[in-house]
Structures are given as structure tokens and as C-alpha cells.
Amino acid sequence: MTRAEQIQKLRKWKFSWRLLGENFVFSDGESYYKMPTFLARNLMYRKNDSYEKVCDSMRIIQKYFWALTKIPKTIVHRDSDGHYVIEQKIICGEKLSKKSLKKSPELLSKFKRLVIANEIMWMKEWVFLDLLGSDVIAHPQTIHNLLTDGKEIYVFDFWLLEKKSSSIFFRHFSHFAQKTQLWLVKRFFP
């Protein structure tokens with residue numbers, strides 16, 4: 001049995017409230033596991049290799065954010081259908097918040113540089129790291145796709161909005177989300 005199959009077997013006993021999200025996410029032991037939801041497989045990754053997409057996203061994120069952030073130990077497995085199964089070490093910390101940025105000028109400086117790097121990445125690579133995630137509506141004082149241990153910022157979600165996506169829906173969604181996120185981050189975070 002492959003590691004991807006072992007993780008998918010664990011999934012059978014888990015529930016995710018994010019049925020319309022991109023990833024089915026659960027934790028078990030010292031790791032988080034992520035795999036595309038049914039919706040993502042059939043809408044976002046219908047014409048794309050999700051495994052290759054995630055690996056490309058990781059490479060781009062490392063290229064632009066390696067000096068500013070950390071990435072938890074991450075292994076990307078390919079399942080029998082060719083989709084990704086991500087295994088990530090759990091980080092002891094919390095979601096990056098307005099409060100944590102106000103407490104630490106060092107974290108604030110890293111975050112501001114991360115926002116600038118994200119803008120540059122959008123201009124050069126035509127992709128943008130989704131910072132806020134879908135939970136921003138419920139918790140607007142929090143950057144949901146970044147974690148902090150008080151000293152470092154960790155990128156644990158590799159979903160990139162795409163300026164030139166082959167999916168018309170995702171391309172338009174990406175343009176809207178990128179502009180909205182940039183405006184919200186610059187306006188409401190110090």
C-alpha cells in the first residue's frame with residue numbers, strides 16, 4: 001500500500017466542514033493531510049494535473065518567499081488517480097493575526113515584505129498566494145493561510161490564484177480575489 005493510499009484510508013474516518021473548499025483537510029498524529037475535494041477534482045483540476053500543479057506552486061512559493069518565511073516539512077504524494085495528497089508536519093503556533101503583527105515589529109516587517117513579494121510574483125509569474133482563505137469572513141482579524149510561532153511566518157497552503165488560468169471561471173475568480181485580498185491586507189492590517 002502506498003503512502004497516499006494509507007492517508008486516504010485515514011480520511012474515511014474524518015469529516016471536513018469545508019465541502020466547497022479546494023482541499024479536504026484533516027490532522028492525524030503530528031501531521032496535516034490535504035487532498036483535493038470532489039469539487040476541486042471536477043472543476044479546478046478537471047483539465048490539469050493537480051499533483052504537478054501543487055509541486056509547481058511549492059517551487060514558486062519557495063522561490064519568492066524562502067528568505068521571508070518558512071514552509072513546514074511537506075511531502076507531496078501522488079494518488080492512484082494522479083491527484084496530490086499533501087502530508088505536512090504540524091506547526092506549534094497560531095494563524096497570523098492583526099494582534100500578533102502589532103505585538104512584533106519583526107513579524108510585521110516580514111509580513112509587509114511578503115505582501116510585496118506576492119505582488120511581484122503576480123506580475124512576473126502570473127500567480128498570487130491566497131493569503132486570506134475562505135475563513136476571512138468568519139475571522140476578519142486573521143490571515144488564515146499563514147501561521148506564526150511568534151518569531152517566524154509559515155506558509156502552509158500552496159493554493160495560488162492564477163492570472164492566466166485555463167479555466168475562465170478560475171481566471172476571473174483569481175483576478176477578483178487578488179485585487180480584493182491586496183486591498184483588504186493593505187487597508188486592515190498594519
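Select tyrosine 33 to begin. In this predicted model, tyrosine 33 has a relative accessible area of 4%, so it is buried; the cut-off for that word is under 20%.

Show both rings together. Phenylalanine 26 and tyrosine 33 form an aromatic pair, with 5.3 Å from centre to centre and 35 degrees between the planes. How is this pair classed? It is tilted, because planes under 30 degrees apart count as stacked and those over 60 as edge-to-face, with the rest called tilted.

Next, select phenylalanine 111 and phenylalanine 189. The ring centres of phenylalanine 111 and phenylalanine 189 lie 6.3 Å apart and the planes meet at 55 degrees, so this pair is tilted. Colour helix α5, residues 105-125, to see where phenylalanine 111 sits. Phenylalanine 189 belongs to the segment after α6, so the pair ties together parts that are 78 residues apart in sequence. Are these two residues buried or exposed? Both phenylalanine 111 and phenylalanine 189 are buried.

How many aromatic pairs does a search of the whole structure find? The search gives 10.

For a group of rings, select Trp159, Phe169, Phe170 and Phe173. Ring pairs link these four residues into a cluster. Keep Phe173 selected and colour helix α6, residues 168-188, which contains phenylalanine 173. Phenylalanine 173 has a relative accessible area of 33%, so it counts as partly exposed.

The next stops show a charged side chain over a ring. Select arginine 11 with phenylalanine 24: arginine 11 lies over the face of the phenylalanine 24 ring, 4.1 Å from its centre. Then select lysine 164 with tryptophan 126. Here lysine 164 lies over the ring face, at 4.6 Å from the ring centre of tryptophan 126.

Glutamine 6 is in helix α1, residues 3-11. With a relative accessible area of 33%, glutamine 6 is partly exposed. How far apart in space are glutamine 6 and lysine 164? Draw a line from C-alpha to C-alpha: the distance is 35 Å, and the two residues are 158 residues apart in sequence.

Conventions:
Residues numbered from 1 in each chain as written. Predicted model: local features only at pLDDT ≥ 70, side-chain atom pairs only at ≥ 80, totals over all residues. Heavy atoms only, no water. Helix = DSSP H or I, 4+ residues; strand = E, 2+ residues; numbered from the N terminus. Buried < 20%, exposed > 50% of the residue type's maximum accessible area, 1.4 Å probe, protein only. Phe/Tyr/Trp six-rings, centres within 6.5 Å; stacked < 30°, edge-to-face > 60°. Lys NZ or Arg CZ within 6 Å of the ring centre and 35° of its normal.
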